[in-house]
Amino acid sequence: AEYQGLSQALPYGGERTRKMSEVVARMKKLALAAKPYLPDLVKSNAPGERLGGVIVLQMDFDPAYIDWLADRLPEESAFIGYQAASALLARARVTGPPEKARIKAAIDAAARRITNPEQERDALVQEILKEVSR
């Protein structure tokens, strides 16, 4: 709810991003306790709850959610897309070729659907594609 409030109340910019990042930092402290709620978080209509799902996956990655994370890139705000890309990049750096191939396919499909460029998110997407090609 706090994320959603900030997203609606503050104009796009550095202060808004900083405050939303503070919310994410607090979410990370609760992520493992929230893991049992992951199926509900990823299906939620509330952007803040979907962000919670992304944060759970940042802290305890589950390959079953690769496509869902990649879908956040074109379907969510740039902030949530950036967080989802961060989770995928972290995983791409530590996993083997079969999972890297799944991440690459998911990112390729999602990237084709991105209609609004966003510099930081899009830079992470490029970094993921480099990582999975190694």
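Colleague: New to this one. Y3 and F79: buried or exposed?
Modeller: Both Y3 and F79 are buried. Buried means under 20% relative accessible area, exposed means over 50%, and partly exposed lies in between, with a 1.4 Å probe and protein chains only.

Colleague: What kind of model is this?
Modeller: It is a predicted model; local features need pLDDT of at least 70, side-chain atom pairs count only at pLDDT 80 or more, and totals for chains, interfaces and linings use all residues. Residues are numbered from 1 along each chain as its sequence is written, and side-chain values use heavy atoms, with hydrogens and water left out.

Colleague: How many aromatic pairs does a search of the whole structure find?
Modeller: One. Rings of Phe, Tyr and Trp (its six-membered ring) pair if their centres lie within 6.5 Å; planes under 30 degrees apart count as stacked, over 60 as edge-to-face and the rest as tilted.

Colleague: Why is the pair of Y3 and F79 stacked?
Modeller: Because the ring planes of Y3 and F79 are at 25°, with centres 5.9 Å apart.

Colleague: Where do Y3 and F79 lie?
Modeller: Y3 is in helix α1 (residues 2–9) and F79 in helix α6 (residues 78–92), so the pair ties together parts 76 residues apart in sequence. Helices (H or I, at least four residues) and strands (E, at least two) are DSSP runs, numbered from the N terminus.

Colleague: Switching to charges. How many salt bridges does the structure hold?
Modeller: There are 16. A salt bridge is a side-chain nitrogen of Lys or Arg within 4 Å of a carboxyl oxygen of Asp or Glu.

Colleague: What does R113 form a salt bridge with?
Modeller: With E75; the closest N and O atoms are 2.7 Å apart. This pair links distant parts of the chain, R113 in helix α7 (residues 97–113) and E75 in helix α5 (residues 66–75), 38 residues apart. R113 is partly exposed, at 37% relative accessible area. E75 is partly exposed too, at 46%.

Colleague: Which residues are linked with R113 in a network of salt bridges?
Modeller: R50, D71, R72, E75 and E76 join R113 in that network.

Colleague: And E131 with K100: what meets there?
Modeller: Their side chains, in a salt bridge at 3.9 Å, N to O. E131 sits in helix α8 (residues 119–132) and K100 in helix α7, 31 residues apart, so this pair also links distant parts of the chain. Both E131 and K100 are buried.

Colleague: How far apart are the closest N and O atoms of E131 and R134?
Modeller: They are 2.8 Å apart, in a salt bridge. E131 counts as buried because its relative accessibility is 8%. R134 is exposed, at 65%.
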